Amino acid sequence: MRLLPSQKTSNYPSLKKRARACYEPSVPDFSFEKKIGGIVAGVDEVGRGPWAGPVVAAAVILNEDDFPDGLDDSKKLTKRMREQLYEEIRNGSTVGIGQASVEEIDALNILQASLLAMRRAIIKLGDVPEAILVDGNNS
């Protein structure tokens, strides 16, 4: 998990240190939002492994007052639970979806195209988060 500052965040090194100190759970507990006093978005991509097709990313700002029961790492959930949580997240959270095309992947490389898809997803959120948590080690 990497922390990226949003455009609103001017104190990035301090914010990054606070993120490491308080955020490593697999299930969000909103402690990081409370610690920084602002909105935090999470972003992740799918489609980096397939041989063909676009790479797609989702950025999500969860609503603490409408937190979906059973939310966890998708690899720990059944297909049925993922589908149910998808509906709950779409209905109770702020969600942005972005993608990079096959042509963009070919022109940029898969890592840069993934980051482009993530940026597009974040822009579609509308709300500007204080910080963005990115799943992965090359973000």
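A salt bridge, as I use the term here, is a side-chain nitrogen of Lys or Arg within 4 Å of a carboxyl oxygen of Asp or Glu.

**Ground rules.** I'm working with a predicted model, where local features need pLDDT of at least 70, side-chain atom pairs count only at pLDDT 80 or more, and totals for chains, interfaces and linings use all residues. Residues are numbered from 1 along each chain as its sequence is written, and side-chain values use heavy atoms, with hydrogens and water left out.

**Entry 1: the count.** How many salt bridges turn up in a search of the whole structure? I got 3.

**Entry 2: Glu 64 and Lys 34.** I looked up this salt bridge and noted 2.8 Å, N to O, between the side chains of Glu 64 and Lys 34. It ties together distant parts of the chain, 30 residues apart: Glu 64 is in the loop between β3 (55-61) and α3 (79-92), while Lys 34 is in helix α2 (residues 31-36). (Helices, H or I with at least four residues, and strands, E with at least two, are DSSP runs numbered from the N terminus.)

Next I checked accessibility. Buried means under 20% relative accessible area, exposed means over 50%, and partly exposed is in between, with a 1.4 Å probe and protein chains only. Glu 64 comes out at 43%, so I wrote it down as partly exposed. Lys 34 has 54%, so it goes in as exposed.

**Entry 3: Glu 83 and Lys 79.** The side chains of Glu 83 and Lys 79 form a salt bridge too, at 4.0 Å, N to O. Both residues sit in helix α3, 4 residues apart, which is about one turn of the helix. I have Glu 83 as partly exposed because its relative accessible area is 45%. Lys 79 is exposed, since its value is 56%.

**Entry 4: Arg 120 and Glu 104.** Here the closest N and O atoms of the salt bridge are 2.7 Å apart. Arg 120 belongs to helix α5 (residues 110-123) and Glu 104 to helix α4 (residues 102-108), so I logged a link between distant parts of the chain, 16 residues apart. Arg 120 has 30% relative accessible area, so it is partly exposed. Glu 104 is partly exposed as well, at 22%.

**Entry 5: Ser 93.** I also looked at a loop residue. Ser 93 is in the loop between α3 and β4 (94-100). Is Ser 93 buried or exposed? I noted buried, because its relative accessibility is 14%. Setting aside neighbours within four places in sequence, Ser 93 is in contact (heavy atoms within 4.5 Å) with Val 60, Ile 61, Leu 62 and Asn 63.
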